[in-house]
Amino acid sequence: MEDTNVVLDKNVIQHETPTKVSKITSTLRHLKKYQMLYIIAIPGILYFLIFKYIPLVGSIIAFKDYNIFKGVFASEWVGLKHFKTLFENPESMRILKNTLLLSFYDMLMFPAPLILALLLNELRLQLYKKIVQTVIYMPHFLSWVIISGIFIGILSPTTGIVNQVIVWLGKEPIYFLGSENFIRPILILAQLWQSVGWGTIIYLAALTAINPELYEAAKVDGANRWKQTLHVTIPAIMPTFTVLFLLQIGNFLDFGFERVYVFLNPLNSVNGEVLDTYIFKAGLQQAQYSFTTAIGLLKSVVGLILLMIANFLSKRFTGNSLY
């Protein structure tokens with residue numbers, strides 16, 4: 001029996017060794033075949049490693065009273081103190097409420113690029129279509145400083161075209177950017193104007209990938225343009241919409257610093273200030289590094305949880321997901 005076991009063990013070893021050698025050989029061939037692609041990917045990998053993953057170690061100061069002289073690891077451990085401060089501070093809760101509301105309104109505007117792409121897809125005059133596309137793309141290349149200047153000029157209580165129309169209608173001019181009641185709609189409309197045209201690019205690319213035979217079959221069945229859009233175009237483009245929507249949910253609390261900061265002033269900051277601008281004010285101007293790190297960590301955790309929940313629900317009910 002012992003001799004038999006020895007023979008079996010030798011057979012197993014002899015069987016496994018060639019398999020492992022073949023796997024190693026296959027891996028080396030794969031690396032040699034695609035070596036240029038791996039070399040090109042090295043700068044991107046180093047970028048994410050150095051600027052994204054290694055700095056995550058510094059997130060530990062959210063649980064410490066960070067002292068720049070003691071360093072990250074030698075500072076005093078305080079646990080969840082800064083998170084409690086965030087939820088107990090009325091100012092922080094007001095800013096968190098602003099961020100949640102603005103992010104929710106932003107999500108409501110998310111289908112706008114899809115709707116615009118569907119409208120552009122229905123244009124038959126190619127020259128006119130290209131002109132419209134160029135015009136709606138251009139705001140994407142403007143900085144938020146320029147965009148804020150445009151909106152300030154349009155909404156000016158003295159020279160702005162909007163208030164000139166209001167005066168022409170017999171009403172009193174309104175100082176839009178000096179009122180806390182209008183700052184949220186202004187922020188949402190500014191973002192919509194800046195990004196809606198650029199967001200159509202992905203959807204238009206997805207629309208070109210739809211098989212024309214599907215439209216021909218729909219015509220044979222008597223479907224008009226509206227029914228073709230409803231039963232052919234929209235179902236074909238929904239996977240793309242779902243993936244982009246899931247990515248947007250992951251950034252739910254990241255409303256953006258630049259797009260808000262350029263519109264803020266003491267008259268509208270009550271309803272306009274968001275977590276990103278608060279982090280700038282408390283973290284850089286008041287040196288509350290641990291507190292603002294806790295806010296940033298909370299944003300990341302909330303975004304991750306929302307993304308996982310949305311991805312699970314999307315995969316279960318639609319079959320489309322990120323992973």
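Hi everyone, let's begin with a term: a nonpolar core is a set of buried Ala, Val, Leu, Ile, Met, Phe, Trp, Tyr and Cys residues joined through side-chain atoms within 4.5 Å. Buried means under 20% relative accessible area, exposed is over 50%, and partly exposed is in between, using a 1.4 Å probe and protein chains only.

What you see above is a predicted model, where local features need pLDDT of at least 70, side-chain atom pairs count only at pLDDT 80 or more, and totals for chains, interfaces and linings use all residues. Residues are numbered from 1 along each chain as its sequence is written, and side-chain values use heavy atoms, leaving out hydrogens and water.

So, which residues touch the most other members of the largest nonpolar core? Among its 18 residues, they are Leu114, Tyr203, Leu204, Leu207 and Ile237. Helices 5, 6, 9, 10 and 11 each give two or more residues to this core; helices here are DSSP runs (H or I, at least four residues), numbered from the N terminus.

Now look at helix 6, residues 126-137. Lys129, Gln133, Ile136 and Tyr137 are buried there.

Finally, a charge and a ring: the charged end of arginine 259 sits over the ring of phenylalanine 255, 3.7 Å from its centre. The rule asks for CZ of Arg, or NZ of Lys, within 6 Å of the ring centre and within 35 degrees of the ring normal.
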